[in-house]
Amino acid sequence: MTATVLEFRDVTKTFRGTVLFENVSFSLEEGKTYALRGPNGSGKSVLMRLMTRITRPNAGEVIVADRYLGKGRVFPDSFGTMIDGPAYLPSISGLGNLLELARIRNRVSEEEIRALMLTLGLDPDSRKPVRRYSMGMKQKLSICQALMESPDVLILDEPFNALDDRSVEIVKDLIRQQQLAHRTIVLTSHNVADLDELAHHSLVVRGEAVVLE
Ligand SMILES: Nc1ncnc2c1ncn2[C@@H]1O[C@H](COP(=O)(O)OP(=O)(O)OP(=O)(O)O)[C@@H](O)[C@H]1O
């Protein structure tokens, strides 16, 4: 039997009186990859923020299974997210930034972070400050940040943006490794072929509804 990771129960989200989602209900199952689809501005990023509980619904509930919550915590403890991009310290290096973030939970070693950076084509020994990073380099750093602690659930908003073809293939391989490790993944992409290639199911934003297919 598959286990539920998180459940939306009659979730309504409005911004200043405008309804974005109304009475949305669905569940995500462990080990599955979900393509979140919908036109620009339909609410995909907001839905992802609701999943992580960064954004709260106006009505209804987002229920995260107990095993993903730290003791007495509201926020999921084992979710890796790449939604708005973390707020990097612009004057220090990529490795420096990842080490700072890793200190919060102390779950990943410097060696593991260095290896992941190398896999993605980032030089961990580069002293270049993040403010001088190109868009693609920042994107790779965000992917490192989301993956580095081997989270049980990955929420990836446009992980392939700004990446060259080779880097797209590397990120796809990393996602496939996560699938083999039975991780649960939600991802968006403006490239439908990428979503079709990777996802088991779709979450489609249709007006104020979200349909699981
Ligand atoms: N904090 C906020 N306050 C007011 N409106 C917001 C806020 N966050 C998002 N919105 C609105 O919610 C709608 C959905 O935005 P969202 O970024 O989730 O769309 P999206 O589907 O991710 O779009 P895209 O494909 O362009 O990335 C937009 O109209 C946006 O302006």
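## Strand S3 and its partners

Strand S3 (residues 33–37) runs parallel to strand S7 (residues 184–187), to which three bridges join it, in a model that is predicted; strands here are DSSP runs (E, at least two residues), as helices are (H or I, at least four residues), numbered from the N terminus. Two strands count as paired if DSSP finds at least two bridges between them. Within S7, Ile185 is the bridge partner of Thr33.

S3 also runs parallel to strand S8 (residues 201–206), and four bridges join these two. In S8, Val204 is the bridge partner of Arg37.

## Cover around S3

Five of the five residues of S3 are buried, where buried means that 20 or more other C-beta atoms, placed from the backbone, lie within 10 Å of the residue's own. Both faces of the strand are covered, with Thr33, Ala35 and Arg37 buried on one side and Tyr34 and Leu36 buried on the other.

## The whole protein

The protein holds six helices and nine strands. Its radius of gyration is 17 Å, close to the 17 Å that the globule rule gives for 213 residues, so the protein is as compact as a globular protein of that length; the radius is taken over C-alpha atoms, and the rule is 2.2 Å times the number of residues to the power 0.38.

Of the 213 residues, 34% count as buried. Among contacts (C-beta atoms, placed from the backbone, within 7 Å) between residues at least 6 apart in sequence, 69% join residues at least 24 apart.

## Basis of the model

Residues are numbered from 1 along each chain as its sequence is written. In this predicted model, local features need pLDDT of at least 70 and side-chain atom pairs count only at pLDDT 80 or more, while totals for chains, interfaces and linings use all residues.

Conventions
Buried ≥ 20, exposed ≤ 12 C-beta atoms within 10 Å, placed from the backbone. Contact = placed C-beta atoms within 7 Å.
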